[in-house]
Amino acid sequence: ALETAGRPGHPRVAGRQSFAGAVRAEWIKLRTLTSTWVTSAITIVITVLFGAGMAVGFAGSPSRADEAKTMISMGSVLGMVVVAVLGALIITGEYASGQIRSSLVAVPRRGRLFAAKALVVSGFSFVLGVLCVALSYALSYPFMKGHAGSLTDTHYLGLFWGTGLVFALIALMAQGVGYLTRSTAGAITVVVSVLFVVPIPFNLMAGHWKWANKVLGLLPDTLSIAVSDPFSLAHQWGQAGTAAFLQHWQAIAVFAAWALVPMVIAGVLFTRRDV
């Protein structure tokens, strides 16, 4: 509401705008979008069925049964694609519809709006990742023949929140690219290409050239394994001559950089250029 302050023609805004209010507004927008729940449902189906299927399959194999419990998070490899779509749509949908102008009118401080969007999409994606692994565990448990992990094991629970962290970072990477391209198709193409298309030629070359393994070890699809498995239950790092040549903490740091670098660039441009 506006009220006169002192002289006519000098209105002031009653009340104060807060970061919490901006977050609440972004959450309302996110949960009222049909695309949010469609992409979430697809993510859950893909991640849960793939992860549970891998776990049950390994449990039924005498030579791989010991690895079965860690397979519940393997579906995140496919789920990342749909989460990237969700992360991109949060911002590119507003540019496509012109709603970004209304958002900036409601929250004139662009840095605050940028941070609110990032917090909401990363928080939602984190919860989605944890939920996916929890459902994968619940679905596979009755068929694990005693090979399921224990929920009292804090290292095993790392697979749950680690997958949530992967989803949160992938969503942020896609959102950052979305700010830069202002195009849903462009942002999704870039992220999906980096995740799944770019590794293909390097996988083919890895058997002949050692440097190809180095490149593979720096790509997000490889590095995501380190984040989803924070206590190295299923994967060993620091193996020279392989794609897992980085130490575990280094792999996590590089994966985080894949998300944070485009977000930092996007944040600078968003606060400085016109809509």
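# Report on a predicted helical chain

L165 belongs to helix 6. This residue counts as partly exposed because its relative accessibility is 32%. The model described here is predicted.

## The nonpolar patch

L165 is one of the residues in a nonpolar surface patch of about 480 Å², together with F126, V127, W161, F231 and L233. Two elements give two or more residues each to this patch: helix 5, which covers residues 110-140, and helix 6, which covers residues 154-181.

## The chain as a whole

The chain contains 11 helices and two strands. In sequence order the pattern is β-β-α-α-α-α-α-α-α-α-α-α-α. Along the principal axes, the C-alpha atoms fill a box of roughly 85 × 45 × 30 Å.

The chain has 275 residues, and 44% of them count as buried. Its exposed surface comes to about 13,500 Å², with 67% supplied by carbon and sulfur atoms. Among contacts with a separation of 6 or more, 75% are between residues 24 or more positions apart in the chain.

## Salt bridges

How many salt bridges does the structure hold? There are five salt bridges in the structure.

| Pair | Distance (N to O) | Burial |
|---|---|---|
| E26 and K29 | 2.8 Å | E26 buried, K29 buried |
| E26 and K117 | 2.9 Å | E26 buried, K117 buried |
| K29 and E94 | 2.9 Å | K29 buried, E94 buried |

The pair E26 and K29 lies within helix 1, residues 19-31. These two residues are separated by about one helical turn, because they are three residues apart in that helix.

The salt bridge of E26 with K117 has its closest N and O atoms 2.9 Å apart. This pair links distant parts of the chain, with E26 in helix 1 and K117 in helix 5, 91 residues apart.

The side chains of K29 and E94 also meet in a salt bridge, at 2.9 Å from N to O. Through shared partners, the salt bridges join E26, K29, E94 and K117 into one network.

## Helix 11

Helix 11 runs over residues 248-272 and has 25 residues. At 1.5 Å a residue it should span 36 Å, and its end C-alpha atoms are 37 Å apart, so the two values agree. Where in helix 11 does a kink lie? A kink of about 30 degrees is found at W258, shortly before the proline P262.

P262 is itself one of the buried residues of helix 11.

## Two residues with positive phi

Most residues other than glycine have a negative phi. K145 has a positive phi of about 55 degrees, although it is not a glycine. K145 sits in the loop between helix 5 and helix 6. Is K145 buried or exposed? K145 is exposed, because its relative accessible area is 65% and the cut-off for exposed is over 50%.

S232 likewise has a positive phi of about 55 degrees and is not a glycine. S232 is in the loop between helix 10 and helix 11. S232 counts as partly exposed because its relative accessibility is 31%.

## A residue in helix 9

V215 is located in helix 9, which covers residues 210-216. V215 counts as partly exposed because its relative accessibility is 24%, and buried would require under 20%. V215 and N203 are 12 residues apart in sequence, and their C-alpha atoms are 9.5 Å apart in space.

Terms used. Residues are numbered from 1 along each chain as its sequence is written. This is a predicted model: local features need pLDDT of at least 70, side-chain atom pairs count only at pLDDT 80 or more; totals for chains, interfaces and linings use all residues. Side-chain values use heavy atoms; hydrogens and water are left out. Patches are made of residues with over 30% relative accessible area and no salt bridge: like charges are joined within 9 Å, nonpolar side chains (Val, Leu, Ile, Met, Phe, Trp, Tyr) within 5 Å. Accessible areas come from the Shrake-Rupley method with a 1.4 Å probe; for residues, only the protein chains shown count as cover. A salt bridge is a side-chain nitrogen of Lys or Arg within 4 Å of a carboxyl oxygen of Asp or Glu. Helices (H or I, at least four residues) and strands (E, at least two) are DSSP runs, numbered from the N terminus. Buried means under 20% relative accessible area, exposed over 50%, partly exposed in between (1.4 Å probe, protein chains only). The expected span of a helix is 1.5 Å times one less than its number of residues. The bend at a residue is the angle between axes fitted to the seven residues ending there and the seven starting there. Contact means heavy atoms within 4.5 Å.
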